[in-house]
Amino acid sequence: MKCLDVYIHVCENLDQRLGTRRCLQIRKHLEACPDCRAYMESLKSTVAMIRSLPHPRLSRAAHERMLVALRSSGCLPPPRRPGPRTRAARRR
Amino acid sequence: MSPRNRIFPSARRTLLHTGGIIFVKPRELKSLSEDRLIGAARGGDRRAFSELVRRYEETVYRYAFKLCRDREKAEETLQDTFINVYRKLSTFDGRAKFSTWLYTIVTNNCLMKHRSRKSRALEESLEALEDPASWPGGKFPHGIARWEETPADLVLARELRVQIESAIRKLPPDYRIVFTLRDMEGKSTEETSAIVGISGEATKSRLRRARAFLRAELAPYMHEGRTAG
């Protein structure tokens, strides 16, 4: 197995410990090849860093704008009219 | 057995069957299973569709943001997606998971917004990276430098975050989609293939090239240690 073969196949096994013949060959190559080891470790770091990026939640305002867009396209029913329909509301 | 019993045997207490269209009582929507909710929405119950939107809006928005890298575009994609879902719901045959079908619609909406000639040129250069002619004797063309430890906290450093963001934005959409589904959303190769509509082999090669591209973009900022070997 050559570095190019490891480069092609190592991605499938990034986080796995598979016992297939190819995986065993990759593992054997990695033990002997510092370039491939460094490459695989840096790939793992790349994925870990990107995974840890913060991502925004849907804001209340964006949620409301979506409801307006869906209602105006006829996908959602009109909003329920507020009114003293429940016992609790009538008590208020 | 009446049609009402055949359709929703365990929930007949909560469902009304009117003129071939199934309507769910509003207070029962939140506890209804996804299959039944989809059935009711397909039958024209817009309150059932509204509950589907409630369940999936956050997932759709986050995935759209990860693909678009822009709040405004993610919001636009969110709206377009649910309008498309409403219009195409009658074509959903239930063979795939609903979430898989939904991811496909989000993906297509994002793709339509992102295709460009510049991306195609970059895709070709990613393919060329694997040309055996540029691997003398099958070995790495250049020595691979070892990265120093990169704890997740480091990503909070503004400079590095900007570089990561810039690297993801440069990635052509077809590659970014596969990378996002596999490495950020945690989808399997099979589900990613189904969402994108490509073979398992194509999914693997796009993931490999996407990771290699992102790694190469970040390498200059990773405080490279001694050259390995």
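Student: How many aromatic pairs does the rule count over all chains?

Tutor: This is a predicted model. Over all chains, the count is 9 aromatic pairs. Take one of them, A:Tyr7 with A:Tyr39. The ring centres are 5.4 Å apart, and the planes make an angle of 40 degrees.

Student: Is that pair called stacked, edge-to-face or tilted, and why?

Tutor: Read the angle between the planes. Under 30 degrees counts as stacked and over 60 as edge-to-face, so the rest are tilted. The A:Tyr7 and A:Tyr39 pair is tilted.

Student: What does the pair tie together?

Tutor: Look at where each partner sits. A:Tyr7 is in helix H1 of chain A and A:Tyr39 is in helix H3 of chain A, so the pair links parts 32 residues apart in sequence.

Student: Now salt bridges. How many are there over all chains?

Tutor: The whole structure has 16. Between chain A and chain B the count is 3. One of these joins A:Arg51 and B:Asp183, at 3.9 Å from N to O. This pair crosses from helix H3 of chain A to helix H8 of chain B, residues 173–184.

Student: Which side chain does B:Glu58 meet in a salt bridge?

Tutor: That of A:Arg57, again with an N to O distance of 3.9 Å. The cut-off is 4 Å, so a pair at this distance counts.

Student: Which helices of chain A supply at least two residues each to the side that touches chain B?

Tutor: Helix H1 (3–9), helix H3 (34–51) and helix H4 (60–72). H3(A) gives the most, with 13 residues. By type, that side of chain A divides into 26 nonpolar, 8 polar and 7 charged residues.

Student: How many residues are in contact between the chains, and what area is buried?

Tutor: Take the residue counts side by side: 41 of chain A are in contact with 55 of chain B. The buried area is about 4,700 Å², and carbon and sulfur atoms give 69% of it. For polar contacts, the rule finds 8 residue pairs across the interface, both residues at pLDDT 80 or more.

Student: What ipTM and pTM does the predictor give the complex?

Tutor: An ipTM of 0.80 and a pTM of 0.79. Then go to the chain level. Chain B averages a pLDDT of 81, and 78% of its residues score at least 70.

Student: Where in chain B does pLDDT stay under 50?

Tutor: Over residues 1–21, where the model has 26 contacts beyond four places in sequence. Residues 225–229 of chain B are also below 50, with 14 contacts beyond near neighbours in sequence.

Key. Residues are numbered from 1 along each chain as its sequence is written. Chains are lettered from A and ligands numbered from 1 in the order in which they are written. Side-chain values use heavy atoms; hydrogens and water are left out. Contact means heavy atoms within 4.5 Å. Buried area is the accessible area (1.4 Å probe) that two parts lose on being put together, summed over both. A polar contact is a pair of N or O atoms within 3.5 Å; within protein, one must be able to donate a hydrogen and the other to accept it, and residues adjacent in sequence count only if both atoms are side-chain atoms. Helices (H or I, at least four residues) and strands (E, at least two) are DSSP runs, numbered from the N terminus. Ala, Val, Leu, Ile, Met, Phe, Trp, Tyr, Cys and Pro count as nonpolar, Asp, Glu, Lys and Arg as charged, and the others, Gly among them, as polar. pLDDT is the predictor's confidence in each residue, from 0 to 100. Rings of Phe, Tyr and Trp (its six-membered ring) pair if their centres lie within 6.5 Å; planes under 30 degrees apart count as stacked, over 60 as edge-to-face and the rest as tilted.
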